[in-house]
Amino acid sequence: MSGGGSWRRGVAAFLAMLIASALPAEAAFDETNLRVAARVLGFMERPPSGIVRAGIVYAPDNPRSAADAASLQALLGDGLRVGNVTLQGKLVRINEAAGADVALFLLADDTGGAASRLAEVARAEHKPCITTDLAQVRAGTCAIGVRSQPRVEILVNSAAAAASGVQFSTAFRILITEM
Amino acid sequence: MCIRPRRMVPAKQRLRSRGLSAFALLLAASAAAKAQSIDYGSLEQLFGEPVTTSVTGSPQRVSDVPATMEIVTADEIRRSGATDIPGVLRHVAGIDVLQWTTDQADIGIRGYDQADTPRLLVLIDGRQVYADFFGFTPWSTLPVELGSIRQIEIVKGPASALFGFNAAGGVINIVTYNPLYDEVNTASLVGGTQGLAQGSAVGTVKLGDIGAVRLSAGLRANHDFSTPLPTASLGSQRIGQDRGAVDVDAMMRVADNAQLRVEASHTTSDQTDIIPSYVFGAFHYDADSLLAQLNADTSYGLIQTTAYSNWLHAMISAPTIAGTADFHNQVTVVQLQDIFKPAPDHTLRGTIEYRHNASNTTPIGGADIFYDVFSLGGMWSWAIEPSLSLTNAVRLDNLWLGRSGSFPMGFPLTNADWNRSIVQPAFNSGLVWKVTDDDTLRFTVGQGAQLPSLVEFGAILVQTPPVAFTGSPSLQPETVRNYELGWDHRLTSLGARLRSSVFHQESHDILDIAGGFLPGAVVPTSTPINGGRSTATGIEVAFDGTFLDDWRWGLSYRLESVDDSFPAGLTNTSTVTDFQHTTPVHLVKAHLGWSQGPWEIDGYLDYQSRVLGFSSATPQLITLVPVDDYVTLDGRVAYKLTDHVTLALSGQNLGTSPQQQTSGPRVQRRVFGWINVGF
């Protein structure tokens with residue numbers, strides 16, 4: 001009897017895992033996303049190498065955005081090395097993005113409508129913008145969106161990318177989602 | 001032996017000249033500097049899964065391809081413990097292996113495996129290594145070392161819309177490391193049973209900003225299994241089996257947006273092997289190749305121009321061949337391809353290809369069999385929605401067959417009988433729907449074609465009673481149409497994935513190498529024929545995954561039912577066509593592996609259900625004999641001695657030995673000891 005119960009519990013646990021595996025995973029800005037973002041840089045027309053300063057752009061009046069930016073900064077630490085690139089983070093308030101001494105922008109979550117200011121800066125200064133907030137990419141305020149769960153997806157807003165001088169190799173463009 | 005260069009060279013030169021001129025214009029038109037070739041390693045690191053071009057010609061993540069495919073990674077190759085490519089493939093889901101001798105096996109996809117199987121097209125980095133004279137792949141002639149392979153890509157089902165003729169049952173594309181992106185420096189020494197002594201080395205030399213070169217070389221010597229050969233092969237003697245190979249692969253940056261690849265290889269091998277009439281003989285091969293390829297990422301897309309020639313010299317001594325057959329087979333291919341993305345949701349590929357293929361007649365010489373093929377192909381991939389894509393590919397091959405030279409006295413055909421053309425369409429369509437983040441459905445339809453080999457077109461010419469056979473100029477390609485529904489499911493919480501498919505395949509105008517007779521021949525002469533059809537219906541289910549950090553596993557099952565239908569009275573007693581009884585109904589492959597610290601242990605258990613197999617009772621009488629179901633056990637234990645040195649012990653057929661796995665000689669246990677050095 002106990003053997004049969006164990007067997008049923010095993011089947012139940014297995015089915016529970018199957019059901020759990022079918023549920024969509026929640027996206028989150030984590031080290032994996034950052035690594036994906038850094039690797040994306042390697043497929044740009046002129047890929048950066050060495051130490052690359054990334055401006056972590058956030059909306060200071062939104063606590064969640066500021067918290068996400070702080071989290072990003074902590075993830076980058078003294079520098080996150082991925083391939084030929086070592087990403088170093090610098091916190092940048094969104095209204096201070098213009099002229100910031102950075103090579104690219106990492107747009108924190110929950111910047112809302114304020115992100116449109118960053119789009120203007122990215123265009124004017126020809127700097128790529130990368131975010132995990134794919135709505136910002138669809139809105140054209142940030143050129144590149146990345147997510148790593150449940151699988152790596154890269155979304156590029158072609159108009160925003162072109163406006164900010166970002167071009168990718170043909171092979172890479174075929175592998176990603178453009179809009 | 002002359003192989004009609006006068007016919008081939010002018011067209012090649014014209015194409016080369018025009019192709020290079022077009023390239024110069026395109027390069028000049030491209031204003032921006034871009035990365036130009038596909039960096040498989042970086043893309044795999046980015047996407048967390050291998051990237052392939054073997055399904056549509058354009059780069060795709062393996063989870064997105066509109067086909068059922070397997071990718072064997074470099075790690076899996078190493079952990080297989082195999083000393084050659086068939087040894088790696090024998091553990092891949094849905095792959096059939098007929099291990100005839102230690103150095104030669106026939107690989108089939110979804111059954112239909114036979115001696116010198118012609119339905120599988122094998123390529124290295126897109127260059128055909130399939131041998132057109134018999135229409136098969138002599139694996140020992142491949143100029144590739146296991147250490148230089150990044151991944152082996154296996155496409156199941158016809159893929160002729162991309163690769164053309166002979167991708168009828170499937171394709172295996174062996175992708176090697178790109179010296180520009182991958183620095184590989186390894187060497188291995190192997191010793192083992194059957195007197196095996198093998199050495200292999202791969203090295204990469206960086207040439208500053210100019211480019212990089214990969215050099216690889218290998219030597220192998222062993223003797224064959226000692227189990228008896230079939231009765232009809234008694235006239236043959238097993239020979240010492242040797243292989244030597246060298247390959248030079250150079251990638252150079254010729255412009256900011258262009259790379260030039262030049263590759264040259266030479267292989268020589270001796271081995272006991274089987275011929276399509278299921279008789280064993282002694283084979284000697286010399287294979288050479290030369291390839292040039294220009295890749296450019298331009299504002300017109302990713303443009304690739306490729307030109308290569310393969311020269312294969314095969315000397316075959318077997319009881320059914322009066323004397324020695326001495327084939328000189330040359331194939332020359334020139335391709336131009338453009339892949340571009342005109343809109344965010346659309347990717348297009350266009351291809352033009354010219355191919356010249358020729359072989360002398362043998363053992364009665366004095367003539368050449370040849371054909372030229374002009375091909376046009378196109379592919380359109382449409383991302384209808386982020387979760388839904390449709391891919392359509394078509395190709396039209398126009399073949400002109402010819403023969404020049406003399407005939408034996410009284411032969412009832414003339415060279416004019418070979419003056420004919422064949423127009424062969426091929427297509428592949430696939431709908432891929434990502435139903436959820438973890439579920440993908442695929443519906444694919446494809447039609448491919450298997451071209452009669454040069455031997456079947458007449459390159460073999462034996463007129464020595466009582467054994468007389470030759471080819472036929474009137475053969476048609478065998479066509480294969482495949483319908484398939486696939487479902488992939490990711491079991492995230494189990495760290496596993498499921499890949500499954502249901503397929504239905506129809507083959508028409510089946511080619512039988514010895515099914516007919518030559519009308520009007522003074523000596524009764526066997527010839528190949530087209531006749532009948534065959535259908536296959538099956539299910540494939542494969543799981544793989546990891547657990548408890550250190551463990552990995554895989555389990556696959558294939559259930560297949562084949563139904564042949566051949567017209568009565570068309571075939572003579574030498575027929576070697578029966579797929580219904582020679583394809584196993586059940587095929588199971590299981591794998592369990594463990595890694596921790598310096599240790600790496602893997603075991604493979606494969607099961608094949610009972611089949612029948614062809615065997616030559618006499619050179620004129622080929623019969624079906626039973627091959628009972630069997631289980632094989634392979635394994636590997638490795639210990640990493642230092643960061644640079646690994647010791648390993650691996651084996652094949654570790655269970656029952658000797659064991660009847662084919663209608664040929666029984667195979668024996670094989671054990672290998674390895675020293676691998678990497679730096």
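This is a predicted model: local features need pLDDT of at least 70, side-chain atom pairs count only at pLDDT 80 or more; totals for chains, interfaces and linings use all residues.
Let's start where the two chains meet: 32 residues of chain B are in contact with 26 residues of chain A. Four elements of chain B each give two or more residues to the side that touches chain A: helix H2 (40–47), strand S16 (301–317), strand S17 (324–343) and strand S26 (478–491). The largest share comes from H2(B), with 5 residues.

S1 runs parallel to strand S3 (residues 85–93) of chain A, and 9 bridges join the two. To find your way in this pairing, pick out Ala54(A), which stands opposite Gly89(A) in S3(A). S1(A) also pairs with strand S4 (residues 104–107) of chain A; these two run parallel as well, joined by 4 bridges.

Most residues other than glycine have a negative phi, and most peptide bonds are trans. With that in mind, a few places in chain B are worth a visit.

Take the peptide bonds first. The one from Thr362(B) to Pro363(B) is cis, with omega near 0 degrees. Pro363(B) belongs to strand S19 of chain B, which covers residues 362–363. Another cis peptide bond links Ser657(B) to Pro658(B), with omega about 0 degrees. Pro658(B) sits in the loop between strand S37 (645–652) and strand S38 (670–678) of chain B.

Stay in that loop for a moment, as Asn653(B) also lies between S37 and S38 of chain B. Asn653(B) is not a glycine, yet its phi is positive, near 55 degrees. Is Asn653(B) buried or exposed? Asn653(B) counts as buried, because it has 21 C-beta neighbours inside 10 Å, and the cut-off for buried is 20 or more.

Tyr278(B) is another residue other than glycine with a positive phi, in this case near 60 degrees. You'll find Tyr278(B) in the loop between strand S14 (258–274) and strand S15 (280–298) of chain B. How many other C-beta atoms lie within 10 Å of Tyr278(B)? There are 28, so Tyr278(B) is buried.

Technical notes: Residues are numbered from 1 along each chain as its sequence is written. Chains are lettered from A and ligands numbered from 1 in the order in which they are written. Two residues are in contact if their C-beta atoms, placed from the backbone, lie within 7 Å. A residue is buried if 20 or more other C-beta atoms lie within 10 Å of its own, exposed if 12 or fewer, and partly exposed in between; C-beta atoms are placed from the backbone. Two strands pair if DSSP finds at least two bridges between them.
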